[in-house]
Amino acid sequence: MATDRQLKANRLNSKASTGPKSLRGKSASKRNAVKHGLSINIATHPNIDERVNALAKLLLPNGSSKYKSHAIEAAIAQLEILRIREYRAMLSKDLSQGEGDSSAVKIELPSNEILDRYERRAFSRRARALRQLMPASGVA
């Protein structure tokens, strides 16, 4: 258990913590929520059910409920791909408009590797789900 002296020191230290000061640090901090948000399954986002269900219905032409879970998985993966591509487009737009200096460009470049990893994962999930849907579509 922390002593009163340690608690007081912790409170004083926390008041001094005001976040990053440099442009590089602020730029990296600004993207933290988005970076971590991309690793979260899109199905956990509120109001996504309607989009998933609409896309899943398009993937099941004969309305077979037997394969509905695979159609939902493919729809979720497709929406994740679209979300990643939207973020990549936003990132490119910010860089092309010259927001920040050249050090900001250096910070952004590793993000493409991270985005590629998220996109590959979503592509794999979509491909796996679509393979499972092939019997429903009549393609053998």
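Visitor: Which residues have the most contacts inside the largest nonpolar core?
Guide: This is a predicted model. In it, the largest nonpolar core has 13 residues, and those with the most contacts inside it are I42, I48, V52, L60, A71, L79 and L133.

Visitor: Which elements give two or more residues to this core?
Guide: Helix 4, helix 5 (68–96) and helix 6 do. The largest share comes from helix 5, with five residues.

Visitor: And what does the second core include?
Guide: The second core is separate and has six residues, including I84, Y87, L115 and Y118. As background, nonpolar side chains in soluble globular proteins tend to be buried together.

Visitor: Back up a bit. How many helices and strands are there?
Guide: The protein has six helices and zero strands. Read along the sequence, the pattern is α-α-α-α-α-α.

Visitor: What about Y118, what sits over its ring?
Guide: The charged end of R117 does, 5.0 Å from the centre of the Y118 ring.

Visitor: How many aromatic pairs does a search of the whole structure find?
Guide: Zero aromatic pairs turn up in the whole structure.

Visitor: Next, E119. Is E119 buried or exposed?
Guide: E119 counts as buried because its relative accessibility is 10%, and the cut-off for buried is under 20%. E119 lies in helix 6 (residues 102–137).

Visitor: What does E119 touch?
Guide: Leaving out residues up to four places away in sequence, E119 touches I81, I84, R85 and R88. One of these, I84, is also listed in the second core.

Visitor: And R125, buried or exposed?
Guide: R125 counts as buried too, because its relative accessibility is 13%. R125 is placed in helix 6.

Visitor: Which residues does R125 touch?
Guide: Beyond four places in sequence, R125 touches N41, E73, I76, A77 and E80.

Visitor: How far apart are R125 and A75?
Guide: They are 50 residues apart in sequence, and their C-alpha atoms are 9.9 Å apart in space.

Visitor: Now Q78. Where is Q78, and what is Q78 in contact with?
Guide: Q78 is in helix 5. Setting aside neighbours within four places in sequence, Q78 is in contact with L55 and R126.

Visitor: What share of the contacts joins residues 24 or more positions apart?
Guide: Such residues account for 78% of the contacts in the protein with a separation of 6 or more.

Visitor: Different topic. What share of the protein is buried?
Guide: Of the 140 residues, 26% are buried. The accessible surface comes to about 9,800 Å², and 56% of that surface belongs to carbon and sulfur atoms.

Visitor: What is the mean pLDDT?
Guide: The mean pLDDT is 79, and 77% of the residues reach 70 or more.

Visitor: Which elements have the lowest and the highest mean pLDDT?
Guide: Helix 3 (residues 32–38) has the lowest, at 63, and helix 4 (residues 49–59) has the highest, at 88.

Visitor: Where does pLDDT stay under 50?
Guide: Over residues 104–108. For that stretch, the model has nine contacts beyond four places in sequence.

Definitions and conventions. Residues are numbered from 1 along each chain as its sequence is written. This is a predicted model: local features need pLDDT of at least 70, side-chain atom pairs count only at pLDDT 80 or more; totals for chains, interfaces and linings use all residues. Side-chain values use heavy atoms; hydrogens and water are left out. Helices (H or I, at least four residues) and strands (E, at least two) are DSSP runs, numbered from the N terminus. Buried means under 20% relative accessible area, exposed over 50%, partly exposed in between (1.4 Å probe, protein chains only). Contact means heavy atoms within 4.5 Å. Accessible areas come from the Shrake-Rupley method with a 1.4 Å probe; for residues, only the protein chains shown count as cover. pLDDT is the predictor's confidence in each residue, from 0 to 100. Rings of Phe, Tyr and Trp (its six-membered ring) pair if their centres lie within 6.5 Å; planes under 30 degrees apart count as stacked, over 60 as edge-to-face and the rest as tilted. A charge sits over a ring if NZ of Lys or CZ of Arg is within 6 Å of the ring centre and within 35 degrees of the ring normal. A nonpolar core is a set of buried Ala, Val, Leu, Ile, Met, Phe, Trp, Tyr and Cys residues joined through side-chain atoms within 4.5 Å.
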